Amino acid sequence: MRTQVAIIGAGPAGLLLSHLLHLNGIESVVLESRTRADIEATIRAGVLEQGSMHTLVEAGVGERMRKEGALHHGFELAFDGKRHRVDLLELTGKAITVYPQHEVIIDLVAARIAAQGQLLFETSEVAIHDIGSARPSVSFVHKGESRRIDADFVVGCDGFHGVSRQMIPHSLRQDFQRTYPFGWFGILVESAPSSEELIYARHERGFALVSTRSPTVQRLYLQCDPHDRVDQWSDDRIWSELHARLDNQDGWQVKEGRIFQKNVIGMRSFVCAPMRSGRLFLAGDAAHIVPPTGAKGMNLAISDVRLLAAALDGFYRQGRWEALDSYSEIALQRVWRAEYFSWWMTRLLHTFPDATPFERELQLAELRNVVSSRALRTALAENYVGAF
Ligand SMILES: Cc1cc2nc3c(=O)[nH]c(=O)nc-3n(C[C@H](O)[C@H](O)[C@H](O)COP(=O)(O)OP(=O)(O)OC[C@H]3O[C@@H](n4cnc5c(N)ncnc54)[C@H](O)[C@@H]3O)c2cc1C
């Protein structure tokens with residue numbers, strides 16, 4: 001097989017890149033290790049920045065998001081038993097959309113298939129070769145057959161545990177990493193939303209987040225031990241912990257309902273630099289991870305591939321290498337800004353097991369500062385909507 005761009009991974013990064021390339025008349029093949037049903041059902045991110053929404057709409061895959069996604073003009077910070085609104089629209093002129101990542105995946109897969117894009121599911125033994133030459137290739141097994149794709153470029157969109165990043169030699173790359181001493185316990189609940197907007201709560205017992213997925217499904221998270229198992233959390237324990245952390249002085253309470261999914265998510269910050277070696281480029285979680293507190297992961301994946309698609313377009317249209325050569329440096333500037341913001345939100349809102357009483361008071365003082373200062377609220381809002 002021969003193509004222009006071989007893409008590994010059919011997450012938001014790989015699928016959107018393939019689609020953007022197609023719109024520019026550039027051929028690609030996407031290799032995915034899981035089944036279509038599996039990638040379309042995996043529950044992950046839910047918050048899209050305005051820039052991400054525009055990218056999806058411009059690419060012709062935003063119609064359902066516009067109809068079914070919920071536009072949020074603000075969110076709330078809760079602490080000391082009170083809630084404080086951060087008005088995104090008033091502070092930045094922008095908003096975010098709550099639209100689940102698996103719905104974005106469903107829309108992108110449908111668009112790739114409608115355009116007769118090459119999307120191979122259930123591939124295994126994926127290996128990348130000759131990235132230092134002008135003819136890199138990818139070998140893999142599909143339907144029991146060993147196959148190979150020769151390409152001009154290979155793009156690793158295969159997430160944190162993929163094979164692509166490992167192809168950048170350790171001597172050429174630097175990995176920056178921080179693992180947090182807590183995780184998030186996430187649940188999906190059959191009920192109307194507890195709140196119209198997201199609530200980020202800081203409490204002595206740990207962080208909690210109220211989010212939604214649809215008018216009938218809530219997504220709730222609470223800070224937990226990263227080694228907790230799902231079976232250690234009965235429904236009663238979950239609700240009593242959520243009430244303790246979220247219910248506030250004016251009588252507002254989190255709405256209960258049938259819990260139909262539970263999972264534990266580890267929290268990590270990670271950056272691999274550079275995001276390129278020879279003709280191999282990395283995009284999305286393959287190159288960087290943020291803790292989910294700032295809701296940046298899917299948005300970074302989208303902004304990486306927007307940049308890379310434009311750079312590849314410049315190469316195929318005009319034979320120009322400049323944008324490809326500066327891809328890693330430019331992408332990493334945005335990545336580090338999002339890394340900083342995600343770390344800051346995480347530090348501001350979580351209970352750190354080793355925090356001294358002095359540090360806990362400083363955390364509260366910082367929160368009070370943020371909600372009482374328009375300048376600090378604006379900085380928070382700008383970072384949250386991605387106005388950078
Ligand atoms: C609980 C949770 C909540 C989150 N909330 C948010 C949020 O609100 N907002 C936000 O922006 N982000 C959020 N994120 C992060 C977001 O989900 C990720 O950043 C996003 O999925 C990254 O997309 P990606 O395409 O880079 O990688 P992925 O979505 O991980 O896709 C990689 C794909 O590559 C495939 N693959 C891996 N290895 C191979 C291989 N060897 N061969 C072939 N295929 C392979 C995988 O099966 C996968 O389908 C959240 C994440 C989690 C876990």
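Three strands make up an open sheet here, ordered 9-10-11, with antiparallel pairing. Strand 9 (123–129) and strand 11 (145–150) sit at the edges with a single partner strand each, so one side of each has no neighbour in the sheet. Keep in mind that this is a predicted model.

- Strand 9 and strand 10 (residues 137–142) run antiparallel and are joined by five bridges.
- If you want a landmark for that pairing, look at Ala-127, whose bridge partner in strand 10 is Ser-139.
- Lys-143 has a phi near 50 degrees, which is positive even though the residue isn't glycine.
- Lys-143 counts as exposed because its relative accessibility is 76%, and the cut-off for exposed is over 50%.

**Strand 2 and its parallel partners**
- Strand 2 (residues 28–31) points Ser-28 and Val-30 one way and Val-29 and Leu-31 the other, and all of them are buried.
- Strand 1 (residues 5–8) pairs with strand 2 in the parallel sense, over four bridges.
- Within that pairing, Val-5 stands opposite Ser-28.
- Getting from strand 1 to strand 2, the chain goes through helix 1 (residues 12–23), and this β-α-β crossover is right-handed.
- Strand 2 also pairs with strand 8 (residues 118–120), again in the parallel sense and over three bridges.
- Here Val-29 has Gln-118 of strand 8 as its bridge partner.

**Strand 16, covered on both faces**
- Eight of the eight residues in strand 16 (residues 217–224) are buried.
- One side carries Val-217, Arg-219, Tyr-221 and Gln-223, the other carries Gln-218, Leu-220, Leu-222 and Cys-224, and both faces are covered.
- Strand 13 (residues 174–190) runs antiparallel to strand 16, with eight bridges joining the two.
- Trp-184 stands opposite Gln-223 of strand 16.
- Strand 15 (residues 208–214) pairs with strand 16 too, in the antiparallel sense over six bridges.
- Strand 15 and strand 16 form a hairpin, with two residues between them.
- In strand 16, Gln-218 is the residue that Thr-212 stands opposite.

**Helix 9 against helix 11**
- Helix 9 (residues 322–349) and helix 11 (residues 374–385) have axes that come within 10 Å and cross at roughly 120 degrees.
- The two helices are therefore oblique to each other.
- The crossing of helix 9 past helix 11 is left-handed.
- On the helix 9 side, Arg-337, Phe-341, Trp-344 and Met-345 meet Leu-380, Asn-383 and Tyr-384 of helix 11.

- Most residues other than glycine have a negative phi, and most peptide bonds are trans.
- The peptide bond from Ala-273 to Pro-274 is cis, with omega near 0 degrees.
- You'll find Pro-274 in the loop between strand 17 (258–273) and strand 18 (276–277).
- Ala-295 has a positive phi, near 55 degrees, in a residue other than glycine.
- The loop between strand 20 (288–289) and helix 8 (297–318) is where Ala-295 sits.
- Ala-295 counts as buried because its relative accessibility is 18%, and the cut-off for buried is under 20%.

Notes:
Residues numbered from 1 in each chain as written. Predicted model: local features only at pLDDT ≥ 70, side-chain atom pairs only at ≥ 80, totals over all residues. Heavy atoms only, no water. Buried < 20%, exposed > 50% of the residue type's maximum accessible area, 1.4 Å probe, protein only. Pairing = 2+ DSSP bridges. Right-handed = clockwise from strand over helix to strand, strands pointing away. Axes fitted to C-alpha atoms, helices over the stretch in contact; angles between N-to-C directions. Parallel < 35°, antiparallel > 145°, perpendicular 65-115°, else oblique. Left-handed = near helix turned anticlockwise from the far one by under 90°. Contact = heavy atoms within 4.5 Å.
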